[in-house]
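Colleague: Before I take any label in this model at face value, I would like to hear the value and the cut-off behind it. Could we go through it together?

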Amino acid sequence: ELGQFTRAQRDQIRKLAKETGYMKTSRINSCRTWTRDLFETMVATNMITQAQFDHVDVDVPLRKRLPEI
């Protein structure tokens, strides 16, 4: 669980999600990569803690972004 967010925080998460690039056609980076990128941005903006991110990353292994070929 990442916690409970206010309406303003949820709006901020939606904004961050839109700004986090997701390429549907990528054969290398999947939705798990996008989720990792989003969560890393949420950590950077103090929306979740590094400990929360680490816990999610262990339970649902999130792929690190790889360069597109």
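Colleague: What makes the contact between the side chains of Arg 36 and Glu 40 a salt bridge?

Modeller: The term requires a side-chain nitrogen of Lys or Arg within 4 Å of a carboxyl oxygen of Asp or Glu, and the side chains of Arg 36 and Glu 40 meet at 3.3 Å, N to O, so the pair qualifies. Please keep in mind that this is a predicted model, in which local features need pLDDT of at least 70 and side-chain atom pairs count only at pLDDT 80 or more, whereas totals for chains, interfaces and linings use all residues. Residues are numbered from 1 along each chain as its sequence is written, and side-chain values use heavy atoms, with hydrogens and water left out.

Colleague: How do you know what confidence the protein has?

Modeller: From pLDDT, the predictor's confidence in each residue on a scale from 0 to 100: the mean for the protein is 91, and 100% of its residues reach 70 or more.

Colleague: Why are Arg 36 and Glu 40 said to be separated by about one helical turn?

Modeller: Because the two are four residues apart in helix α2, residues 31-44; a helix here is a DSSP run of H or I with at least four residues, numbered from the N terminus (strands are E runs of at least two).

Colleague: What ties the segment after α3 to helix α2?

Modeller: The side chains of Arg 65 and Asp 37 meet in a salt bridge at 2.5 Å, N to O. Arg 65 lies in the segment after α3 and Asp 37 in α2, so the pair ties together parts 28 residues apart in sequence. Arg 65, at 39% relative accessibility, is partly exposed, whereas Asp 37, at 15%, is buried.

Colleague: Why is α2 called roughly antiparallel to α3?

Modeller: The helices α2 and α3 pack at about 165°, with their axes 9 Å apart. Angles over 145 degrees count as roughly antiparallel, under 35 as roughly parallel, 65 to 115 as roughly perpendicular and the rest as oblique, so α2 is roughly antiparallel to α3. The axes are lines fitted to C-alpha atoms, for helices over the stretch in contact, and angles run from 0 to 180 degrees between N-to-C directions.

Colleague: What makes Asn 46 worth a remark about phi?

Modeller: Most residues other than glycine have a negative phi, yet phi of Asn 46 is near 60°, a positive value in a residue other than glycine. Asn 46 sits in the loop between α2 and α3, and its relative accessible area of 70% makes Asn 46 exposed.

Technical notes: Buried means under 20% relative accessible area, exposed over 50%, partly exposed in between (1.4 Å probe, protein chains only).
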